[in-house]
Amino acid sequence: MKTLYFDNNATTMVAPEVLEEMLPFFSEMYGNPSSMHLFGGQVGKHLTLARQRVAQGLGCEPDEIIFTACGTESDNTAFYAATMAQPMSKHIVTTKVEHPAVLNVVQRLERHGYDVTTLGTDSQGRLDLDELRDSLREDTALVSVMYANNETGVVYPLPEIAEIVKARGILLHTDAVQAVGKVPFRLSELPLDFLALSGHKLHAPKGVGALFVRRGTPFRTFMLGGHQEHGRRAGTENTAGIVALGKAVELATAHIEDENTRVRALRDRLEQGLLAAIPDTRLNGHPDERLPNTSNLSFKYVEGEAILLMMDQHGICASSGSACTSGSLEPSHVLRAMGVPFTFAHGSIRFSLSRYNTVEEVDMVLDVMPQIIARLRELSPFKKDQENVPPACTC
Amino acid sequence: MWEYTDKVRELFLNPKNAGEIPNADAVGEVGSLACGDALKLFLKISEDGVIEDAKFQTFGCASAIASSSALTEMLKGKTLEQAEKITNKDIAAYLGGLPKEKMHCSVMGQEALEACLLDYRGEEAPEKITEGEVVCHCFGVTDVAIRRAIEENGITSVEDITNFTKAGGGCGECVGKLEEILFDVLGTKREVKTEPKPMTNIQRMQKVMQVIDEVIRPSLKQDGGDIQLVDLDGMDVIVSLRGACGSCPSAKLTLNGFVQKTLREQVEPGIRVREAS
């Protein structure tokens with residue numbers, strides 16, 4: 001059975017061009033770039049090239065890029081740097097819809113005495129910039145707002161946010177893991193201080209990420225050890241991963257137009273097709289201020305995990321915002337922040353495409369989804385004509 | 001990805017007894033759309049109290065659907081007395097087991113069955129155990145229900161209370177209270193499990209000396225060896241191996257495997273044994 005991969009916000013296929021460039025670093029080029037000998041030293045040139053490629057893709061200087069192991073490490077590092085460098089500033093501003101890589105760091109800071117302002121969203125997942133403006137304080141150490149949401153794809157207006165935050169001289173971090181390669185931006189024109197990205201979301205392998213730190217931004221090293229990354233991130237470089245990330249960012253830059261035209265059209269075909277074919281289905285997130293590849297849909301009266309497992313029978317890979325675990329049937333924190341009704345939130349499915357998806361694949365999904373939803377609705381005690389029957393939860 | 005058994009997969013993908021029984025003799029309903037899972041159970045019961053048919057409608061995840069289907073399979077042909085004895089553990093066992101995080105799906109089955117039987121007898125069906133004080137306000141779980149789940153399922157952690165009853169799985173505000181209840185139930189039943197108070201240095205030294213003299217030395221002497229206590233530094237017990245042990249190639253094994261293990265068991269679990277240099 002062919003795999004129909006619609007879960008690219010979870011992880012992506014390594015691009016063949018990326019794989020080809022990284023493979024030699026597992027075999028004949030296995031040297032350590034820190035070594036004195038030429039065998040190791042020659043690898044350093046490739047890291048330099050990778051750094052240049054990433055910088056070029058983001059519109060910043062190569063020395064503003066620190067390679068890390070993942071997006072999560074990049075987020076953690078930004079928070080560590082901002083808080084340790086400003087010990088007197090004990091206030092953090094973030095949003096309710098951040099990735100756990102930010103939310104859990106913020107929660108720990110809160111336990112350690114930080115004041116935290118968590119910005120909410122409207123029903124389409126958008127922030128209120130006045131609320132952001134009002135939240136800023138003299139002692140705000142860092143504002144952290146994701147560039148694009150992983151679940152809904154909603155894109156946040158980082159240029160406007162940067163203007164507001166930087167006017168107050170406050171440090172600004174963005175988790176841009178989902179945005180790089182999909183949302184066009186140049187860091188030379190976008191005055192934020194930190195930006196996190198992850199390799200495996202843009203067709204590089206897992207285990208490599210990067211943190212942009214603007215020149216002049218106060219920094220403290222999170223991972224101590226050797227002198228790698230100019231002493232800003234210790235640990236022997238993941239040479240193959242870094243080379244791969246360089247190539248992947250270069251490709252992402254080249255394909256960003258394609259993402260915003262062809263991939264967007266595929267996404268829209270899928271989304272419109274499902275909304276038209278399946279009654280009681282709704283879109284979660286703003287229809288326009290959104291990544292071109294993401295569609296988060298809710299199917300009323302059915303539960304997300306059951307949908308996913310039925311889709312799995314057809315080789316279709318996607319995600320659900322419903323987490324039926326540990327007796328905690330709480331739907332995703334993102335959908336809850338948006339006030340998506342419980343009746344819809346439990347049946348949410350996220351489709352996330354990539355440039356490797358085809359129109360045939362989209363049509364195969366369109367072909368089977370209506371049956372899957374109909375089958376599960378048949379099993380469900382809730383039907384459209386008995387809307388008033390289900391008792392309210394005692395929640 | 002959940003590690004579901006083949007039975008769970010089978011009953012999810014091709015559920016048996018899905019649907020309604022028109023004019024059912026008993027109907028039991030638990031959960032709601034808002035809660036994230038719900039089960040409606042229908043029974044056809046003969047005049048002499050035998051369940052002739054059972055069907056279900058379920059809103060929920062794969063294991064909720066499979067649990068419901070399993071329950072209906074188990075119920076068919078049973079007398080009401082036999083049916084009454086079915087617990088969530090029987091449902092899970094029928095499925096070849098459920099992931100711990102999914103045990104609440106089997107609980108939902110048991111609750112629907114209870115509601116069904118109450119309905120058959122024409123008794124008012126309480127939505128769940130309402131006696132006692134509501135501890136988890138998110139899911140409306142009372143202390144009586146939590147105590148019962150702990151006792152019936154041998155639960156030893158707050159996490160498992162959530163897995164079995166959902167209590168604590170919402171806002172998490174009641175987790176402290178759940179801990180208290182768990183401690184209370186376990187404290188009266190399994191006193192051995194409660195943590196002993198840490199020893200003072202003098203108590204520890206006396207106890208170490210006693211165990212070495214009374215247990216360890218006699219045992220080593222049988223093999224021609226001996227041991228001497230050199231010093232005690234916090235949890236570090238420093239000894240010197242004598243006799244045959246001093247030159248024995250497996251002395252290291254003796255130290256870690258026998259001496260340290262015995263001291264950990266009989267004195268304190270945190271003890272480390274090392275040889276005097």
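What follows walks through the fold of chain A, its two domains and a helix pair in chain B. The model is predicted, so local features are taken only at pLDDT of at least 70 and side-chain atom pairs only at pLDDT 80 or more, while totals for chains, interfaces and linings use all residues. Residues are numbered from 1 along each chain as its sequence is written, with chains lettered from A and ligands numbered from 1 in the order in which they are written.

Chain A first. Its secondary structure comes to 11 helices and 13 strands (DSSP runs numbered from the N terminus: H or I of at least four residues for helices, E of at least two for strands). With a radius of gyration of 22 Å against the 21 Å that the globule rule gives for 395 residues, chain A is as compact as a globular protein of that length; the radius is taken over C-alpha atoms, and the rule is 2.2 Å times the number of residues to the power 0.38. Along the principal axes, the C-alpha atoms fill a box of roughly 75 × 50 × 35 Å.

Buried residues account for 52% of the 395 in chain A (buried: 20 or more other C-beta atoms within 10 Å of a residue's own, with C-beta atoms placed from the backbone). Helix α8 of chain A, residues 304-312, has 8 of its 9 residues buried, so the rest of the structure largely encloses it; among them are G304(A), E305(A) and M311(A). Of the contacts in chain A between residues at least 6 apart in sequence, 74% join residues at least 24 apart, a contact being two C-beta atoms within 7 Å.

Now the domains. Chain A is assigned domain 1 (4-9 + 255-380) and domain 2 (16-252), with bounds from an automatic or database domain assignment. Their C-alpha centres lie 28 Å apart, and the contact takes 22 residues from domain 1 and 22 residues from domain 2. On the domain 1 side, α7 (239-277), β10 (294-299) and α9 (333-337) of chain A each supply at least two residues.

Over in chain B, helices α1 (residues 6-13) and α2 (residues 62-75) have axes that come within 8 Å and cross at roughly 85°; axes are lines fitted to C-alpha atoms over the stretch in contact, with angles from 0 to 180 degrees between N-to-C directions. The two are therefore roughly perpendicular (65 to 115 degrees). V8(B), L11(B) and F12(B) make the contact from α1(B), meeting α2(B) residues that include I65(B) and A66(B).

Definitions and conventions:
A residue is buried if 20 or more other C-beta atoms lie within 10 Å of its own, exposed if 12 or fewer, and partly exposed in between; C-beta atoms are placed from the backbone. Angles under 35 degrees count as roughly parallel, over 145 as roughly antiparallel, 65 to 115 as roughly perpendicular and the rest as oblique.
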